[in-house]
Amino acid sequence: MLNFIQGEWRPSTTTDFLPIRNPATGDTIGQTPISTLAELEQAVDAADAAFPAWRRVPVTDRVQFLFRLKTKLEDGLDDLARIITLECGKTLAESRGELRRAIENVEVACGAPILTQGYNSEDIASGIDEVMIRQPLGVCAIIAPFNFPAMIPFWFLPYAIAAGNTIVIKPSERVPMTMQKVFEMLAELELPPGVVNLINGGHDVVNAILDHPTIRAVSFVGSSAVARHVYARAAASGKRVQCQGGAKNPVIILPDADIASAAEIVAESAFGCAGQRCLAAAMAVTVGDAGAPFAEAIQAKAASRVTGDGLEAGVQMGPVISPESQARIEQLLERAIADGARPIVDGRRPAMPDRLRGNFIRPTVLSGLPIESEITRTEIFGPVLSLHEVDDISAAIALVNDGAYGNQASLFTTSGASARRFRYEAEVGNVGINVGVAAPMAFFPFSGARGSFFGDLHGQGRDAFEFFTQEKVVVERWPRAWSRTF
Ligand code: NAD
């Protein structure tokens with residue numbers, strides 16, 4: 001993998017590389033350079049040098065690059081989807097879905113001419129006007145996780161540059177190939193050199209970004225422990241920061257829900273992308289009589305899900321990202337069982353064809369995991385769903401609000417009153433009503449709350465434009481302008 005700095009591809013001078021492995025086969029398919037801090041310095045210098053001219057490019061001209069990028073992403077969609085599946089393991093359909101979300105963000109960012117407008121008031125006092133204008137910040141950094149190698153950088157990238165900023169992106173060292181391909185497309189747009197820069201690397205590069213005096217803003221997505229660290233350290237050096245963290249998402253099934261369709265939707269949420277989605281259902285909480293029929297239906301859905309190489313037709317679930325991740329999930333399952341859980345569908349160490357020496361766990365459903373178990377508060381980030389039973393919706397909502405995270409909660413019901421109460425009381429950023437993955441469209445903020453989000457403005461839509469601009473207020477008076485005789 002190469003870095004992209006100052007409009008050109010540059011090999012890293014590092015001697016430290018991480019192998020990139022196909023999660024399905026275990027084959028090594030490339031290596032990630034752990035770039036040096038001097039190379040980060042070059043990327044930041046390039047972005048800083050490009051900023052004064054880029055901010056002066058009219059916004060109507062800046063978005064022309066995004067229109068062209070959309071065409072390139074559409075034309076290259078199948079190639080990119082294949083790369084995502086190769087390095088990340090999800091199915092081709094899931095990779096295509098992720099790319100559609102990325103493209104949608106480019107489309108929304110093309111609204112920059114309106115979405116970066118300020119507002120004004122005439123005659124706040126006689127002959128005095130007040131104007132709020134939005135100006136770009138300067139150099140902005142984006143730090144991404146492994147699970148959506150294309151989509152997540154696009155929650156930020158198109159908005160940042162449309163608003164007149166320049167950027168440095170550090171993709172996850174585990175899945176650098178997708179951004180490499182995206183940057184090939186960006187390179188063909190002939191953006192002024194330095195407007196977009198790509199630096200491959202690890203934790204040291206992240207920490208150097210957080211401390212860098214030139215970088216004005218940091219957008220981070222990843223686990224909560226790292227999100228907290230990034231939020232605190234970047235804020236300590238005076239930056240604007242938005243940090244999306246981890247999740248442990250509950251879904252509640254009321255007795256009046258359509259149980260068959262709820263089970264189908266929850267199975268897709270829990271096991272899609274092998275459970276490695278920040279909006280994946282992790283706990284199904286049934287109320288009253290919903291317990292037994294839901295358990296039976298979800299068990300069938302979990303047991304029948306076709307698991308294999310995401311490149312193959314008919315496969316519904318791929319592997320998890322790495323052998324370390326597989327081992328971590330298996331250990332968490334052992335701890336859950338030690339705490340009293342029973343795997344009613346047990347996906348550990350499945351038999352796979354010889355060719356597939358990767359990191360496979362089939363869908364797993366746990367019943368009887370005590371609510372007090374530490375595992376109910378721990379993000380597993382694998383294809384595991386635990387079942388819990390409560391007596392009424394009040395107890396279910398209390399359980400949602402007691403959780404350590406606050407990314408998403410869903411309710412399955414046919415009652416409008418219950419749905420409204422849930423929407424009102426659930427302390428999470430994203431709410432689903434009869435929806436298992438309540439992923440906000442690009443023209444809404446990708447929300448998150450409590451232990452899942454640190455900051456105030458989110459990625460996507462209006463929030464992104466607010467994040468990537470500085471509000472400046474001008475109060476102006478022109479001598480003689482208030483005289484009606486002038
Ligand atoms: P991660 O936290 O391990 O890594 C994210 C980024 O931080 C990577 O670029 C990595 O290089 C860097 N990093 C990791 N540890 C670091 C450290 N100690 N110091 C400095 N930098 C460090 O996350 P991941 O495993 O790549 O992604 C999965 C996590 O992301 C899950 O917790 C998932 O819930 C979360 N996620 C959240 C959202 C959301 O919108 N809330 C979306 C996607 C993923």
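I looked up the ligand shell first: of the 28 residues around the ligand, A144, E173, R174, S223 and E379 come nearest. A residue counts as near if one of its heavy atoms lies within 4 Å of the molecule.

I noted that this is a predicted model, where local features need pLDDT of at least 70, side-chain atom pairs need 80 or more, and totals for chains, interfaces and linings use all residues. Numbering runs from 1 along each chain as its sequence is written, and side-chain values use heavy atoms, without hydrogens and water.

Next I checked polar contacts (pairs of N or O atoms within 3.5 Å). The side chain of E173 has an N or O atom 2.6 Å from a ligand oxygen. For E379, a polar side-chain atom also lies 2.6 Å from an oxygen of the ligand. For Q244, the distance from a side-chain N or O atom to a ligand oxygen is 3.0 Å. I then looked at cover: the protein hides 89% of the 850 Å² of accessible area that the ligand has on its own (Shrake-Rupley method, 1.4 Å probe).

I sorted the shell by class and found 14 nonpolar, 10 polar and 4 charged residues; Gly counts as polar. Helix 9 gives the most, with 3 residues (helices are DSSP runs of H or I, at least four residues).

Last, I asked where the ligand lies. Domain 1 (3-245 + 452-474) and domain 2 (249-433) both give residues to the shell, so the ligand lies between them. The domain bounds come from an automatic or database assignment.

Definitions and conventions
A polar contact is a pair of N or O atoms within 3.5 Å; within protein, one must be able to donate a hydrogen and the other to accept it, and residues adjacent in sequence count only if both atoms are side-chain atoms. Helices (H or I, at least four residues) and strands (E, at least two) are DSSP runs, numbered from the N terminus.
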